[in-house]
Amino acid sequence: MTTDSSIQTRRRAAMLPKRSLLASALVSCLLVASGGALAQSTSATLRGQVVQGTQAAAAEVTLTNVASGFSRSVQAQADGSYSVPGLPPGTYRVDVRSGEQTSSQTITLRVGQTATLDLPIAAAASEQTLDTIEVVGTALFENKTSEIATYVTPEQISALPQNSRNFLAFADIVPGVQFTENADGSTQLRSGAQSSNGINVFIDGVGQKNYVLKGGISSQDSSRGSPFPQMAIAEYKVITQNYKAEFDQISSAAVTAVTRSGGNEFEGSVFYDRTSDNWRASTPREIDSGTKPETEDEQYGFSFGGPIVRDLLHYFVTYEKKEILSPRDIIPGENVQASALPPEYASQVGPTNSPFDLDLFFGKLSFAPGDAHLFELTAKYRTESEITGIGGTNARSYASSKDNDETRIDLRHQFSGASFLNDAHITFEDAYWNPRPLTFGNGSRLTTPDRRSILNIGGGQDFQDKGQRGIGFQNDLTFFDLAWHGDHTIKTGVKYKSVRVDAFEQQPYNPQFFYDITQSTSVPYRVEFGSVVPGVGDRNITSRNKQFGIYLQDDWQVNDRLTLNLGLRWDYEETPGYLDYVTRPELAAALRGWANIQNTDYDIENYISDGSNRDAFKDAWQPRVGFSYDLSDDESRVLFGGAGRSYDRNLFDYLALEQSKGTFPRYGFDFNTPGHECAGATCLEWNTAYLDEANLRALVAANPNLGGEVNMIANDLQTPYSDQFSIGIRNTFGQWNSSVTLSHVRSHDGIVFTLGNRYPDGSFRPSGTTWGGQPWGFGVPGFGTLILADNGIETRLNSLLFSLEKPYSPEAGWGATFAYTFSEAEENRSNAAASDEHYLFDYPNTEGFGWKRSTGIARHRLVATGIVEGPWEMLFSAKATIETPSTYEAVNCANAVDWNNCFFDPFTPSGAFGRRQLDMAVSKDIVFGADYRLNFRIDVLNVFNYRNWNEYNNWRGGPGETNPDFGTHGLGILLPTRTMKLSVGFNW
């Protein structure tokens, strides 16, 4: 099968004399004003010098893609220098001709790479093969760049062991990056000390950002699916810091991937993967219960591509299918044993499974009607369904049935002139996420006396319809032969998007009855339910957003040793759903007349909106500077560094709560029962009639605001961003490349929701206490609990990033990588990085929480991979992951004076390892004739079946009574257990 990432036809352009920087800057400004631009973040550039003997020589340099036949030629200048930009990643034959003298060699250019290769001219044609040109200079590595980046190659994607067929799974071979699988089987990609919301993935230069939901990229919120068919990805690059100004809507890592294209030969493949409960080891909880639920994971698909018209029009099509039954553990919370539960609860405890189904399509047409033009049309369609929300304290009956559908279309035009390259995209996106309760009826939630969850059964809460739909235009313009005190490559661009974002929800959809396990499991002490406010029409919270971005990037090669990367970006977004929102008059009046907040720690006027006192954030200026300096004069030792700011965006799902809570409020009523005595307007005597939802709604019919939760957002809400600083050194010795980087990253202005209720004296809790006692019963008069949203969540990270790699090549027959990360991370809200926790009700603001060691981030982490050709033409591969224990959230009452002065006190479990996992794979091709191959492959994940515990007793104990079991692990582990997967494929 071909792994070439794009197809172009033959284009030839002679290199003209270099223009002045000022003249070109004026031209680029005029073109941006009239056209628009984003980035060719996937195109590669080859540059260098033609030499004959020891002298520079003028010659013609021709690059020909060995798969598609596309070629470009440039004329080297009198000093021998040449530059060929805008090359699709792939393998090229480089031919140099000066008169009758020629030379030739074969190279591979990676995605988004700027490679330098000096080309000798010999008296007769010669052939030399370079497996990868990840270099600046003659070394086989891209040393001379300020980017902190790692390439994930086609060989690694096809050979390294994995189970999910999610191409992003290989990104954790990059220092500072983690690809994690959550307890529900959903996956996420994180970088540094920030949540997955901070990443962005660029496919063929187009961002896949999720504007509504978590996960960083569209359709990845709580999904076991893959964002893109793995068979459609040729290769990709992960940039953790020092990315250039072309990258937008990002605050942590950027992934830039290039898709495969058809070539001049008809090629294709089919595959089938399978594993099941018989092919995996039991989990500790399955062993404890004596039950192993049925589980199965089947993945299959095909791809094919080739020419429609040779050297002119090509196609590529792929389809991938996933059918999964994943194991789940229903575990009572608060260390309650199943034997202590009532029968209707106990019967729903233990192992079970969760089904998932995915269909994923991708297609691509590549058309080159002339020497200077390339058109590409790509389309992706994704549809998936699953039963989710099972596990932990949620029984299967309490789960949700979720659909997740996405369509993306990209029409691209690339135009190449003699000294510039223009890359334009027109895009369409449509992605929606729709969970529904699996059971319709009352939900029963068993709790401790202080409302900590033990087990949830019956009708769940989740009913949502959220997503994004819109069109965009982006274009990038690059000048590559500018001279002023050195050589400059100037990129400038603008992007515009018109996107409708929707956030419909009814939470809770089913009434939720709360039962105290120490009192009665037949008489609830509280009920929460939702009801439509009378007079409300369309309750779908919609905003028609406009996004605009512009940037300028100068990659300035000052001399042979020093390169400067100077960039500036500005982004702007209008969200009418937030900007034009008007606080209901009756709510505004109630807030302004509420005596409890007349003398408190916030000004309610900062949250009351009249539809004209909110402005879109206009200060998203993002300077990004970097440098690389060749210490050795042969680029074997390069010093590099950079500093920059990068803005992300606020998720519409959070912004929409201000409206959705006002149209379908969550009501809460307490029942006057033993152990839960109450008084006031929201206190009722228990009556079985309340089990009928109609009678619950009758409670609020006369006053639909009473008891309803109120969410309000700050009028001056800012956009989240990060500031990044780094310095490092790269070395090349023989076939090995290494990099060591010291990094500091601070993220700011993450959105946080806090409790706005206050006691009559304006306080958050009684005097002399630092824990508990929040004013839950002191809500807005005539309404209910007040929740305030503002900027506040921050993270800080100091890290050491080390990588060592020997790229795989068929000639050597082996390759290896090592990625080590040391992280010293802090956050001002537990789980801000690990799970995007954005609610803080234990303190009035993040200042009360203070800075704590980040949860979910290991101090030390090492990932090593290897690929080696073995006997009988078998290919072996392995991946090892070792990390120290992560930090977990905990509350410390044992060292407190009393129960009213507890405090957050995260802990790190004892032991040397938090995770150990060795995965291995072996494959064998059986060749039929010259063009047909039958492939057999076995993957074994977690070969030694290490128990990677992730469930700990985090109760430190009460005042003066230390919990002897604190810090001991339970039965929960990180998956997988030892699992074998069998694959078979056929290629032609």
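Lysine 852 lies over the face of phenylalanine 849, at 4.9 Å from the ring centre. A charge counts as sitting over a ring if NZ of Lys or CZ of Arg is within 6 Å of the ring centre and within 35 degrees of the ring normal. Arginine 436 is likewise placed over the face of phenylalanine 463, with 4.2 Å to the ring centre. The model is predicted, so local features need pLDDT of at least 70 and side-chain atom pairs count only at pLDDT 80 or more, while totals for chains, interfaces and linings use all residues. Residues are numbered from 1 along each chain as its sequence is written, and side-chain values use heavy atoms, with hydrogens and water left out.

A search of the whole structure gives 50 aromatic pairs. Rings of Phe, Tyr and Trp (its six-membered ring) pair if their centres lie within 6.5 Å; planes under 30 degrees apart count as stacked, over 60 as edge-to-face and the rest as tilted. Phenylalanine 514 and tyrosine 525 form a tilted pair, at 6.3 Å centre to centre and 50° between the planes. Phenylalanine 514 belongs to strand S31 (residues 512-516), and tyrosine 525 to the loop between S31 and strand S32 (526-530), so the pair ties together parts that are 11 residues apart in sequence. Helices (H or I, at least four residues) and strands (E, at least two) are DSSP runs, numbered from the N terminus. Phenylalanine 514 and tyrosine 525 are both buried. Buried means under 20% relative accessible area, exposed over 50%, and partly exposed in between (1.4 Å probe, protein chains only).

Tyrosine 843 and phenylalanine 904 make another tilted pair, at 6.2 Å centre to centre and 45° between the planes. Tyrosine 843 sits in the loop between strand S44 (839-840) and helix H10 (846-849), and phenylalanine 904 in strand S49 (residues 903-904), so this pair ties together parts that are 61 residues apart in sequence. Tyrosine 843 counts as buried, at 9% relative accessibility. Phenylalanine 904 is buried too, with a relative accessible area of 7%. Elsewhere, ring pairs join Phe302, Phe304, Tyr315, Tyr319, Phe361 and Tyr381 into a cluster.

Phe302 and Phe304 also belong to a nonpolar patch on the surface, together with Val270, Ile926, Phe928, Tyr932, Phe936, Val984 and Trp988. The accessible area of the patch is about 750 Å². Such areas come from the Shrake-Rupley method with a 1.4 Å probe; for residues, only the protein chains shown count as cover. Patches are made of residues with over 30% relative accessible area and no salt bridge: like charges are joined within 9 Å, nonpolar side chains (Val, Leu, Ile, Met, Phe, Trp, Tyr) within 5 Å. A salt bridge is a side-chain nitrogen of Lys or Arg within 4 Å of a carboxyl oxygen of Asp or Glu. Strand S21 (296-309), strand S50 (915-928) and strand S51 (932-941) are the elements that give two or more residues to the patch. Valine 270 lies in strand S20 (residues 267-276). Its relative accessible area is 37%, so valine 270 is partly exposed.

Strand pairing comes next. Strands of a sheet pair through backbone hydrogen bonds, either parallel or antiparallel. Two strands count as paired if DSSP finds at least two bridges between them. Strand S42 (residues 786-809) runs antiparallel to strand S43 (residues 814-827), over 13 bridges. Serine 799 stands opposite serine 823 in S43. The hairpin of S42 and S43 has four residues between the strands, and glycine 813 takes a positive phi near 80° there. S43 also pairs with strand S46 (residues 860-869), antiparallel over nine bridges. Here threonine 821 has arginine 861 in S46 as its bridge partner. With strand S45 (residues 852-853), S43 forms two antiparallel bridges. Glutamate 826 stands opposite arginine 853 in S45.

Five strands form an open sheet of mixed pairing, in the order S13-S18-S19-S16-S17. Strand S13 (148-152) and strand S17 (206-207) stand at the edges, each with a single partner strand, so one side of each is left without a neighbour in the sheet. Strand S19 (residues 254-259) is mostly covered, with six of its six residues buried. Ala254, Thr256 and Val258 point one way from S19, and Val255, Ala257 and Thr259 the other way. Strand S18 (residues 233-241) pairs with S19 in the antiparallel sense over six bridges. Strand S16 (residues 200-203) pairs with S19 in the parallel sense over four bridges. Isoleucine 203 stands opposite alanine 257 in S19, and its bridge partner in S17 is valine 206.
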